[in-house]
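Please consult the sequence and the model while working through each solution.

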Amino acid sequence: MAKVDTYSCDSCGTQRKTANHWFCAHQSTMEIVVRVGQGKPPKIKVIVIQEWEDEYADRADVTHHCGLECLNKFVNRVLSGATASSGDAGETGES
Ligand SMILES: [Zn+2]
């Protein structure tokens with residue numbers, strides 16, 4: 001049974017079609033240990049970018065982008081602090 005693609009670009013709203021070169025990305029944080037024993041390690045912001053992968057695209061925290069231009073907008077939003085990293089479930093109005 002073929003799954004119907006209902007993804008749309010999180011930057012421009014374009015509907016995904018099969019042959020497009022789309023990207024998935026999500027924002028996360030990771031701790032890097034600079035020196036052992038110097039208190040809490042700093043948390044750095046990381047952006048995970050992956051070529052389109054259906055299983056990855058299904059993750060709740062993953063954003064979808066129709067190309068490099070829109071992916072770039074997402075990266076800009078994250079780096080400027082405009083994107084919430086948690087608790088933002090987008091348009092699914094569940095709670
Ligand atoms: Zn787009």
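**Exercise 1: Strands and their pairing**

In β2, I47 is the bridge partner of Q27. The model is a predicted one, in which local features need pLDDT of at least 70, side-chain atom pairs count only at pLDDT 80 or more, and totals for chains, interfaces and linings use all residues. Residues are numbered from 1 along each chain as its sequence is written.

Task: State which elements the chain has and how the strands are arranged in the sheet.

Solution. 
1. Helices (H or I, at least four residues) and strands (E, at least two) are DSSP runs, numbered from the N terminus. The chain has 2 helices and 3 strands, and from the N terminus on they follow the order β-β-α-β-α.
2. Two strands count as paired if DSSP finds at least two bridges between them. Strand β1 (residues 23–31) pairs with β2 in the antiparallel sense over 9 bridges.
3. The open sheet of 3 strands has the order β2-β1-β3, with antiparallel pairing. Since β2 (43–51) and β3 (63–65) stand at the edges, each with a single partner strand, one side of each is left without a neighbour in the sheet.
4. From one strand to the next, the twist averages 35 degrees (axes are lines fitted to C-alpha atoms, for helices over the stretch in contact, and angles run from 0 to 180 degrees between N-to-C directions).

**Exercise 2: The nonpolar core**

Task: Identify which residues form the largest nonpolar core.

Solution. 
1. A nonpolar core is a set of buried Ala, Val, Leu, Ile, Met, Phe, Trp, Tyr and Cys residues joined through C-beta atoms within 7 Å.
2. The largest such core has 9 residues: C9, W22, F23, C24, A25, C66, C70, L71 and F74.
3. C70 touches C9, S11, C12 and H65, leaving aside residues up to four places away in sequence.
4. Of the 95 residues of the chain, 15% count as buried.

**Exercise 3: Confidence**

Task: Find where pLDDT stays under 50.

Solution. 
1. pLDDT is the predictor's confidence in each residue, from 0 to 100. Its mean over the chain is 80, and 75% of the residues reach 70 or more.
2. Over residues 85–95, pLDDT stays under 50, and the model has 4 contacts beyond four places in sequence for them.

Definitions and conventions. Buried ≥ 20, exposed ≤ 12 C-beta atoms within 10 Å, placed from the backbone. Contact = placed C-beta atoms within 7 Å.
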